[in-house]
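Thanks for coming. I have one structure to go through today, so please have a look at the screen.

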Amino acid sequence: MREDRGAVESRIVTRRLVLFDIDGTLLLSGGAGRRAILAAIAEEGVEPEMVGHVRFDGKTDPQIVAELLDAGCHRGPYPPERIEAVIDRYLANLEADLAVNAHQATVMPGVRPLLDLLHEDERIVLGLLTGNVVRGARLKLEAVGLGADRFLVGAYGSDHGIRSELPPIAAARAVPHFGRVPGGPEIVIIGDTPADVTCGQCVGARSVAVATGGYTVDDLAGAGAHRVFPDLSDIATVHAAIFGD
C-alpha cells in the first residue's frame, strides 16, 4: 500500500538533522581530555603552568593545540604536520588514560533517555558536531557507553580547525539521509557553549543550548540560542524544542 503523498511530504518537511556537541553536552571525560592534551603539549616544551588560562570549551582540537603553543611562547602559524603530531600524541594519551579512568567519565543528565527518544523518531537524523577529532570523539563516547554508531552524521575537529566551518560539512554528509543538503531550521545544533550557538548561523541552523558546561543559561541566551535548558532532563520539552515548539 502506497503512503499518502501528503503524509510523505509532511514527514520530509519536518525532518531534522540534530547535531550534538560532546564535551559538556553529552558527557564529561573526568579530566582525561585535559590531562591527555597537556601531556602531549609538554613534549613541545609547554608546561601546564604556562597554559592554565587557556579555555578548551567551544574549540576544535587543532585550535586548542595552536592556542596552547601560543601560550607557551611559540610562534605560529604552525605547520599542519606539527599540529597533527601533537594530536596523535594526545590521542595515544587519551586512550591510555581512559583505559584506567573511564569510571570517572560521566554522562550528562537526561542524555541517555533523550538519545533513545530521538533515535526512535523517524523524522530525526542524529549526528555529532564537535571540536574533537574523530578518534577522540569515539574514545570519549565509548568510555561512557554511548555508541558512536547511533550518530549517522558527523563533523569533527579533524575536518576543519574552525568550528563555524563544521555545520556545512555535516549538512553535506546528511545528503544520503535527506536526498539533498538540509539547511535552515532543518538543522538543530545542541551544545553548551556560545560557539555551539553561533557556529550554525552560516547555514541558518536552530540552536538548542544546555548549561551543563562552563556557561550559564544567561550566557547562552545572550549568544542567541533559540532555546536554553539548564540540562537535558526534560526530554519531552527538549524534543519539542527541536521542532521549534
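This is a predicted model: local features need pLDDT of at least 70, side-chain atom pairs count only at pLDDT 80 or more; totals for chains, interfaces and linings use all residues.

Cysteines, then. How many disulfides does the structure hold? The count is 0. Take Cys199: the nearest cysteine sulfur belongs to Cys202 and sits 7.2 Å away. A disulfide needs the two sulfur atoms within 2.5 Å, and Cys199 is in no disulfide. Is Cys199 buried or exposed? Its relative accessibility is 4%, so Cys199 counts as buried. Cys73 has a relative accessibility of 67%, so Cys73 counts as exposed.

Now the helix, α7, which runs over residues 166-173. Its buried residues are Leu166, Pro167, Ala170 and Ala171. Where do they sit around the helix? Looking down the axis of α7, they fall within an arc of 135°, so they line one face of the helix. What do these buried residues pack against? On the strand side, the partners are β1 (16-20), β4 (124-129), β5 (153-155) and β6 (187-191). The buried residues of α7 also pack against a helix, α8 (175-178).

Last, Leu38, which is in helix α2, residues 32-42. Leu38 has a relative accessible area of 16%, and the cut-off for buried is under 20%, so Leu38 is buried. Which residues does Leu38 touch, leaving out those up to four places away in sequence? They are Val51 and Phe56. As for Asn93, 55 residues separate it from Leu38 in sequence, and the C-alpha to C-alpha distance between the two is 9.6 Å.

That is what I have; questions are welcome.

Terms used
Residues are numbered from 1 along each chain as its sequence is written. Side-chain values use heavy atoms; hydrogens and water are left out. Helices (H or I, at least four residues) and strands (E, at least two) are DSSP runs, numbered from the N terminus. Buried means under 20% relative accessible area, exposed over 50%, partly exposed in between (1.4 Å probe, protein chains only). Contact means heavy atoms within 4.5 Å. The arc is that of the directions from the helix axis to the C-beta atoms.
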